[in-house]
Amino acid sequence: MSLAEYKGVYVFAQQVDNEVSSIALELIGKGKDLAKDLDTTVTAVLIGHNVMGLTDVLGEYGADKVIVVDDPELKEYRTEPYTHALTCVINEFKPDICLIGATAIGRDLGPRVCARVHTGLTADCTQLDIGDFPINPLPGQEQKKNQLLMTRPAFGGNTIATIACPNFRPQMATVRPGVMQKADRVEGRKAEIIEFNPGFVPNEKYTEILEIVKEVSNVADIMDATILVSGGRGVSNAEAFDTLLAPLANVLGGAVSASRSAVDSGWIDHECQVGQTGKTVRPDLYIACGISGAIQHVAGMEGSEFILAINKDETAPIFDIADLGIVANVDTLLPKLTEAIKKYKEAQ
Ligand code: FAD
């Protein structure tokens with residue numbers, strides 16, 4: 001493998017039901033930063049059927065090129081034809097870096113593709129940078145320039161590891177949704193379109209989809225909320241989520257989320273969990289109520305624009321990352337806060 005042949009930052013542009021997933025745009029946003037450091041371009045790889053109409057949005061969010069693999073076999077996500085499609089794109093175009101969302105689809109696709117193209121993959125990255133590797137070389141050890149430094153929590157979130165793939169290409173990573181930021185949309189910005197079809201020959205590995213049953217969720221997606229009122233073990237019970245947190249979220253036009261302790265206690269749906277094993281959120285305002293600020297929780301919300309922490313223990317670690325902290329009992333403070341905001345809004 002001649003590493004010098006591999007060039008460019010490639011992003012798997014996930015689409016579901018002919019709608020580009022948010023993660024695709026987030027990865028293009030991050031891909032642009034990496035491409036700038038490497039003085040190269042960002043290419044989105046769009047796989048599906050009748051998906052040509054989605055290329056505009058990928059260009060407007062920053063893709064310089066879009067490789068479209070369009071085939072009836074790719075109508076719905078299936079492991080084998082999608083793996084074949086992305087593997088063939090990599091073998092043909094030889095990217096230096098290939099980023100995939102750590103979604104259910106990406107977690108299925110990424111490891112298979114990396115095995116077929118014989119490279120490594122770092123899963124669930126929370127940070128990506130270009131730098132030299134090893135970061136601190138031993139005396140006499142070669143330090144390779146311009147490597148993808150892939151950072152992720154390790155050992156149950158108790159440490160942060162930075163991993164590189166200096167001897168194989170492409171350097172592959174999956175990235176959790178919500179961690180990276182989309183670039184600003186530039187209406188009318190066009191990407192170069194490249195159509196590529198490696199041919200699909202169904203074999204015994206092609207599963208047949210008999211029926212698709214969509215889960216209907218009545219829980220607001222906390223990743224879309226601009227204001228989150230989040231409850232932890234300090235909220236005490238499920239009823240308090242309804243009587244203390246939901247009214248505050250309602251008056252603010254936000255949604256309710258939670259720490260893992262609250263979810264594990266059965267007080268709120270798992271869909272609402274913020275953190276390393278939950279969702280990564282970046283609201284404009286995150287109100288942490290009765291949450292201690294464990295590293296695994298903070299990993300999912302530290303990108304919030306403004307963090308307000310309410311905790312009765314003034315030494316709680318959540319105050320270290322909060323923009324504003326109130327030492328108080330949530331049982332007494334939250335109804336007063338809700339009432340005050342209601343009155344303020346009525347007076348406007
Ligand atoms: P606690 O740590 O028990 O804190 C409760 C806080 O409430 C305390 O600070 C207390 O002072 C305060 N309090 C109590 N009563 C009141 C009151 N009346 N008014 C005001 N304050 C009060 N956690 C997550 O959240 N998300 C994850 O995704 C996640 N993933 C994990 C993955 C792994 C591999 C591991 C090992 C752990 C993970 N955890 C996760 C768990 C995490 O380590 C913590 O245990 C958890 O976040 C603690 O939740 P908490 O802050 O609600 O509870």
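## Basis of the model

The model is predicted: local features need pLDDT of at least 70 and side-chain atom pairs count only at pLDDT 80 or more, while totals for chains, interfaces and linings use all residues. Residues are numbered from 1 along each chain as its sequence is written, and side-chain values use heavy atoms, with hydrogens and water left out.

Helices (H or I, at least four residues) and strands (E, at least two) are DSSP runs, numbered from the N terminus. Two strands pair if DSSP finds at least two bridges between them.

## The antiparallel sheet

Three strands form an open sheet in the order β8-β9-β10, with antiparallel pairing. Its edge strands are β8 (127-133) and β10 (159-163), each of which pairs on one side only. On average, neighbouring strands of this sheet are turned by 35° against each other, direction ignored. Such angles run from 0 to 180 degrees between N-to-C directions, and the axes are lines fitted to C-alpha atoms, for helices over the stretch in contact.

β8 pairs with strand β9 (residues 144-154) over 6 bridges; aspartate 129 has leucine 149 in β9 as its bridge partner. A further 5 bridges join β9 to β10, where alanine 154 stands opposite threonine 159. β9 and β10 form a hairpin with 4 residues between them, and phenylalanine 155 in the turn has a positive phi of about 50°. Helix α1 (residues 22-38) lies across β8 and β9, running at about 20° to β8; contact here means heavy atoms within 4.5 Å.

## The parallel sheet

Another open sheet has 5 strands in the order β14-β13-β15-β16-β17, and its pairing is parallel. β14 (255-258) and β17 (324-327) stand at the edges with a single partner strand each, so one side of each is left without a neighbour in the sheet. Neighbouring strands of this sheet are turned by 20° against each other on average, direction ignored.

Strand β13 (residues 227-231) pairs with β14 over 4 bridges, and serine 230 has serine 257 in β14 as its bridge partner. Helix α5 (residues 238-252) lies across β13, β14 and β15 (285-289), running at about 170° to β13. Helix α9 (residues 330-347) also packs on the sheet, touching β15, β16 (306-311) and β17, and its direction makes about 135° with that of β16.

## The ligand site

The ligand is surrounded by 25 residues, of which the closest are Arg233, Ser259, Thr277, Ser292 and Gln296.

A polar side-chain atom of arginine 233 lies 2.7 Å from an oxygen atom of the ligand. The protein covers 77% of the 980 Å² of accessible area that the ligand has on its own (Shrake-Rupley method, 1.4 Å probe).

Most residues other than glycine have a negative phi, and most peptide bonds are trans. A cis peptide bond joins phenylalanine 133 and proline 134, with omega about -5°; proline 134 is in the loop between β8 and β9. Arginine 169 and proline 170 are also joined by a cis peptide bond. Aspartate 17 has a positive phi of about 55° and is found in the loop between β2 (15-16) and β3 (19-20).

Notes: Near = heavy atom within 4 Å. Polar contact = N/O pair within 3.5 Å; in protein donor to acceptor, adjacent residues only side chain to side chain.
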